[in-house]
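Here is a friendly walk through a protein chain, meant to be read with the structure open beside you. We begin with one residue, step back to the whole chain, and then visit a few other places.

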Amino acid sequence: LASLRLEASIRRDHERSVRATDPWSLLRNSDRWRRNPLIDDGHFFVTGLDATYDTRNERSLPSTGWYLRGHYEHGTSDDLLPIALPEVVRLPIQVGGGYGFDRLSLDLRRYSRLTPSLRVNGRLLADGWLAGSRLPIQRRVSLGGPGLLPGYDFRAFTCAPRGYNDPSAPALCDRMIAAQLEVRTRLGLNLGYRLPDKEGGSSGRFIGIEEADLVFLGDVGKAWLAGDGPGQVPVSRIPSLDEWKADVGVGLDTGEIGAYLAKGLSSGGPIKFLVRLQRRF
C-alpha cells in the first residue's frame with residue numbers, strides 16, 4: 001500500500017553552544033572525550049518542506065517496497081555571529097547582515113525479497129547546501145562512522161583543509177552523497193531454550209536467538225566542498241567516482257541488535273567492530 005505525505009513547517013530557533021565537554025558513557029565515563037564543536041550563534045527563522053513516498057510492507061522491518069523522503073530547508077538570520085573558518089571552507093560572513101541558506105536532503109531506499117530467506121536492500125542518500133549563503137557550521141556534513149561508512153572512523157572525512165587543526169573534529173563539508181547495498185539471508189540459529197506450553201509441549205516462547213539475518217554489506221560515499229577554488233568541486237557537478245571512499249563488511253542482525261565487522265577499502269586502517277540497536281536502514 002503506497003502512501004504519500006507532504007509536510008510544511010515554520011519555526012524560529014535560537015541555537016546556542018552546549019558545554020565544550022559533557023559526555024556520559026556506560027563503560028568509558030572517565031575517558032577524555034573530544035570537545036563539542038562550536039556553532040554559528042544567532043536566531044534562525046527556518047522554513048521546511050517534507051515529502052515522503054512509502055510503499056514498504058512494514059515500517060520497522062521491511063522486506064519489499066520503496067521509500068523516498070525529501071526535505072527542503074530555508075533558513076535566515078539577521079543577527080548571526082559566525083565562527084571563523086578557513087576561506088576554502090567558507091568565505092567570511094558579514095556580522096549582523098542578511099543571511100539566508102537553502103539545504104536539501106534526499107533519502108531513496110529499495111527493499112527486494114528474492115526468496116523467502118534472501119533479500120537485497122539498497123539506499124542512496126544525499127544531503128547538503130543547495131543555494132544562497134553557505135551553510136552554518138551546525139548544518140554542515142561529513143562522512144565516516146557507523147551510520148554510512150562503518151569501515152572508517154567517525155568523521156574520517158570532514159573536508160578540513162591541510163593544516164587546520166580542531167580537536168572537536170567539526171563537519172565542514174558543503175555536500176555529501178552515499179550509496180549502501182546489503183544482502184540478507186535468514187539463518188536458523190536456535191541459540192537458547194524454548195519454554196514448554198501450558199500442555200507441556202515444545203511450542204512455548206523461545207528464550208534466546210532463534211533466527212537472525214546474515215548480512216553482507218558494501219558502502220561508497222563522498223563528502224566535498226562546492227565551488228571553483230582549489231580542492232573544491234564545481235557547484236553543478238558531483239565528484240568523479242575514483243574519489244569516492246568504499247568499505248565492505250559482514251554482520252549478524254537479530255532484529256533487536258546487530259553486530260558487524262567492516263573494513264575500509266580506501267585506506268590501510270584496521271577492521272572495525274560495531275554493535276547497532278537498529279537496522280542500518
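## A buried arginine

The side chains of Arg 109 and Asp 107 make a polar contact with each other, at 2.8 Å. Please keep in mind that this is a predicted model. Arg 109 belongs to strand β4, which covers residues 99-115.

Is Arg 109 buried or exposed? Its relative accessibility is 15%, so Arg 109 counts as buried, the limit for that class being under 20%. Which residues does Arg 109 touch, once neighbours within four places in sequence are left aside? The contacts are Arg 56, Gly 65, Trp 66, Tyr 67, Gly 122, Arg 123 and Phe 281.

## The chain as a whole

If you follow the chain from its N terminus, each element you meet is a strand: the order is β-β-β-β-β-β-β-β-β-β. The count is 10 strands and 0 helices. Along the principal axes, the C-alpha atoms fill a box of roughly 75 × 45 × 40 Å. Among contacts with a separation of 6 or more, 65% come from residues 24 or more positions apart.

The chain has 281 residues, and 38% of them count as buried. Its accessible surface is about 16,200 Å², with 57% of that belonging to carbon and sulfur atoms. As for charge, there are 38 positive and 33 negative side chains. The centres of these two sets lie 2 Å apart.

In soluble globular proteins, nonpolar side chains tend to be buried together. In this model, the largest nonpolar core has 17 residues. Which of its residues have the most contacts inside it? They are Leu 143, Leu 148 and Met 176.

With neighbours within four places in sequence left aside, Leu 143 is in contact with Leu 148, Leu 149 and Met 176, among others.

Phi of Arg 155 is near 50°, a positive value in a residue other than glycine. For Cys 159, phi is near 70°, again positive in a residue other than glycine. Arg 155 counts as partly exposed because its relative accessibility is 23%, and that class lies between the limits of 20% and 50%.

## Two exposed loop residues

Now for Glu 87, which you will find in the loop between β3 (65-77) and β4. Glu 87 has a relative accessible area of 55%, so it is exposed. How many residues separate Glu 87 from Gly 229 in sequence? They are 142 residues apart, while their C-alpha atoms are 9.9 Å apart in space.

Leu 241 is in the loop between β7 (206-224) and β8 (245-253). At 66% relative accessibility, Leu 241 counts as exposed. From Leu 241 to Val 220, the C-alpha to C-alpha distance is 9.3 Å, and the two are 21 residues apart in sequence.

Notes: Residues are numbered from 1 along each chain as its sequence is written. This is a predicted model: local features need pLDDT of at least 70, side-chain atom pairs count only at pLDDT 80 or more; totals for chains, interfaces and linings use all residues. Side-chain values use heavy atoms; hydrogens and water are left out. Helices (H or I, at least four residues) and strands (E, at least two) are DSSP runs, numbered from the N terminus. Buried means under 20% relative accessible area, exposed over 50%, partly exposed in between (1.4 Å probe, protein chains only). A polar contact is a pair of N or O atoms within 3.5 Å; within protein, one must be able to donate a hydrogen and the other to accept it, and residues adjacent in sequence count only if both atoms are side-chain atoms. Contact means heavy atoms within 4.5 Å. Accessible areas come from the Shrake-Rupley method with a 1.4 Å probe; for residues, only the protein chains shown count as cover. Lys and Arg count as positive and Asp and Glu as negative; His and the chain ends are not counted. The place of a charge is taken as NZ of Lys, CZ of Arg, CG of Asp or CD of Glu. A nonpolar core is a set of buried Ala, Val, Leu, Ile, Met, Phe, Trp, Tyr and Cys residues joined through side-chain atoms within 4.5 Å.
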